[in-house]
Amino acid sequence: MSVDTSAGKPRHDHQGDTYHFCSQGCCDRFASDPAHYLSGAHLDAAANAPAGTLFTCPMHPDVIEEGPNSCPACGMALEPTGIPPLNVGPNPEMVDFTRRFFVGAVLVIPLVLLSMGPMAGLLINDWLSGLAGARMAAWLELILATPIVFWCGWPFLVRGARSITTKNLNMFTLIALGVGTAYLFSVTATVVPGIFPDGFRQADGPVDVYFEAAAVIVVFALLGQMLELRAREQTGSALRALLDLAAKSARLVTDDGSEVEIPLEEVKTGDHLRVRPGEIIPVDGTVIDGHSSVHESMLTGEPIPVEKTVGDAVTGATINGTGVIILKATHVGPDTMLSRIVDMVAAAQRSQAPVQRVADRVAAIFVPLVVLCAIMAFIVWAAIGPEPSLAYALVVAVSVLIVACPCALGLATPMSIVTATGRGAHAGVLIRDAEALERLADVDTLIVDKTGTLTAGKPTLSAVIVTVGQDENDILRLAASLERGSEHPLAGAIVGAAIERDLVLADPQGFHAVIGKGVIGTVGGKRILLGNKDLLEQAGIDIAPLVALADARRDQGETAIFIAIDRALAGLITVSDPIQDTTPASLGRLQTKGLRIIMATGDSTRTARAAAAKLGITDFHAELLPADKCELVARLQEAGSTVAMAGDGVNDAPALAKADVGIAMGTGADVAIESAGITLVKGDFSGIVRAHMLAKATMGNIRQNLFFAFIYNIAGVPIAAGILFPVFGILLSPIFAAAAMSLSSVSVVGNALRLRRLTLG
């Protein structure tokens, strides 16, 4: 916008330039942080800011709208996307439905007594008839039923009407048709009974009314919706519980060593924070002073505290043990592990599994078929039913509409997915989407990386072997200086060993990583090559003097790294990475479940063979580049295998993305985590067992739910249509049809919630 500089508007001088503003408020905001506004960051934030809270359907995650509404596909109330806020009141729809339910329940009791009292020996109708005429009871039923139908049942009528106008027939279509038919028929029979033919009349002349059926259908439908909403709140409690783990403040260590308590929102990357015994670690960071044990069970599911010393990473929301530590904040706000976990779980809970699409297609065909069945049932009963045939026909048609509501079918998959993702989050298994969970249940082949997946991922220096004329510490110093620019676990072992020896490291020049082979650079004017034999041989360097020694070290499971200085072989550095304690048992459990285990590593064949022998793995591939791992996945898929890939490094990312299911170790590289469908927070190999158990249990739960829903509808519709009447004289009342409809949803919800108590491990 333009500002008239002659109109006395505010201005601010910054670095020799004068900036003019339309108001004092804008001027003050600019003066508080000129660099922020001059960089254009405020424009980026405004462009990316949402216009309002987005809402999505719990059953159709592709439906996203601004503001609360009902889903155009299924009629369910849309729910806000994103992370659920803390310390908020109950779901407004839950409050509304509860209020409508209790009002309806109070009014429906006298209504049912009026209509069905004679069947129970209560002569209320006879008493009213004698008091004020034969039609008094019907008028009183009308008075009681009207607020139930038009106030308590208003959400169902609106959603049913919308489903017809949008041509997306759903369970609310059937509820609205059933309630509307019973109510409008009864109103007409009460106000103008003379228009009805004999087929609707009892032997003594009056036309039956069905106000109680319309009212009870509404009340039972409200009860079913309340139970579903309550179940959804329970599944969302997993996210709210995770969010509640976060600290509310942090102790900032200032430059003079003093301590200031600040709100968590004010912590910035690079801040030094002091954490006392028993306190919640506020953000993700690295320990720079002190020693303690940290309880990480709330994020990883592991009950044993983990020792933390200088250089170790700590995660926000975990609990410090008995020591005092000072950490340097590395990830704050939405970048912390806790925030990423909650985001991932929230997205997974809104995702749709492939099996759900089958249920959706069935439901889309099912509702029109139910309406057709109701019409056919009416015609058949009107033509050949007992007198009053039309009255029987109406009751049957309404019962068919109500009993066949596909709410249980629609809930079968989403409820299981939402519950399972929440359960997984508490066990340290993060699921990116429902499709990954479904595919993991069908996996028959698991490819695993070695370093950081089967092993602890924290290699340590084993030996530094030098050629004639070289100094061991000097070789280690040069190697560590070069590796400072690398994030590979082996680099960390070399750098860590140099720091322990108090070696002074230099900054490398021209650093270049050759993926799958090593690194190249210049340190102190010397050209350094550090890597496997392929890297040095391609550079024309003779490594023969150390090959035998390197092979011997590899046979012991160590990784051998050659180093050359100015095109001359200078030495050999060996690094070992111990097998994780949980790996052998976890591999055995996966193998007993029928999974084929394949180890794929960039390490040498000798090192890979030694590790495979220790773990009892007979199928392994060594010296693989990232493209080779990806090709291995593709070959297995072409052979008909369903493949999961587990890894933690940048070099694993292509294979993780290519596999049917990628499983990333949460302790690994960000690109690996982003490429995977499932992330294990702790990075422990036993997490794969937990993830596989969760996937199997979830898909079994979904199949049970779908079976219950399909069997219920397959059996319910014929019974409601009167198939038992000719033999047993049993005819399903709309009231019992409504009760059965609600109970079917309750059975599915209850079965899905069993996953919350699933034992993993």
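How many residues does helix H6 (residues 136-152) have, and what distance does H6 reach from its first C-alpha to its last? The legends below, which describe close-up views of a predicted model, begin with that helix.

**View 1. Helix H6, its span and its kink at Ala-145.** Helix H6, formed by residues 136-152, has 17 residues and reaches 24 Å from its first C-alpha to its last, which is close to the 24 Å expected at 1.5 Å a residue. Ala-145 itself belongs to the buried residues of the helix, which are Ala-137, Ala-138, Glu-141, Leu-142, Leu-144, Ala-145, Ile-148, Val-149 and Cys-152. An α-helix has 3.6 residues a turn, so residues three or four places apart point the same way.

**View 2. The crossing of helices H8 and H13.** The axes of helix H8 (residues 171-191) and helix H13 (residues 389-403) come within 8 Å and cross at roughly 155°; because angles over 145 degrees count as roughly antiparallel, H8 is described as roughly antiparallel to H13. The crossing of these two helices is left-handed, and the contact is made on the H8 side by Leu-174, Ile-175, Leu-177, Gly-178, Thr-181, Ala-182 and Phe-185, and on the H13 side by Leu-394, Val-398, Leu-401 and Ile-402.

**View 3. Met-171 in helix H8.** Met-171 has its place in helix H8 and, with a relative accessibility of 7%, counts as buried, since the cut-off for that class is under 20%. Although Met-171 and Ile-402 are 231 residues apart along the chain, their C-alpha atoms are separated by 8.7 Å.

**View 4. Helix H15 and its buried residues.** Helix H15 comprises residues 434-441, and because six of its eight residues are buried, H15 is largely enclosed by the rest of the structure. The buried residues in H15 are Ala-434, Ala-436, Leu-437, Glu-438, Leu-440 and Ala-441.

View 5. When its neighbours within four places in sequence are left aside, Gly-647 is in contact with Asp-449, Thr-453, Asp-652, Leu-656, Ile-663, Ala-664 and Met-665. Gly-647 and Leu-454, which are 193 residues apart in sequence, are 9.0 Å apart in space from C-alpha to C-alpha.

Methods:
Residues are numbered from 1 along each chain as its sequence is written. This is a predicted model: local features need pLDDT of at least 70, side-chain atom pairs count only at pLDDT 80 or more; totals for chains, interfaces and linings use all residues. Side-chain values use heavy atoms; hydrogens and water are left out. Helices (H or I, at least four residues) and strands (E, at least two) are DSSP runs, numbered from the N terminus. The expected span of a helix is 1.5 Å times one less than its number of residues. The bend at a residue is the angle between axes fitted to the seven residues ending there and the seven starting there. Buried means under 20% relative accessible area, exposed over 50%, partly exposed in between (1.4 Å probe, protein chains only). Axes are lines fitted to C-alpha atoms, for helices over the stretch in contact, and angles run from 0 to 180 degrees between N-to-C directions. Angles under 35 degrees count as roughly parallel, over 145 as roughly antiparallel, 65 to 115 as roughly perpendicular and the rest as oblique. A crossing is left-handed if the near helix is turned anticlockwise from the far one by less than a right angle, and right-handed if clockwise. Contact means heavy atoms within 4.5 Å.
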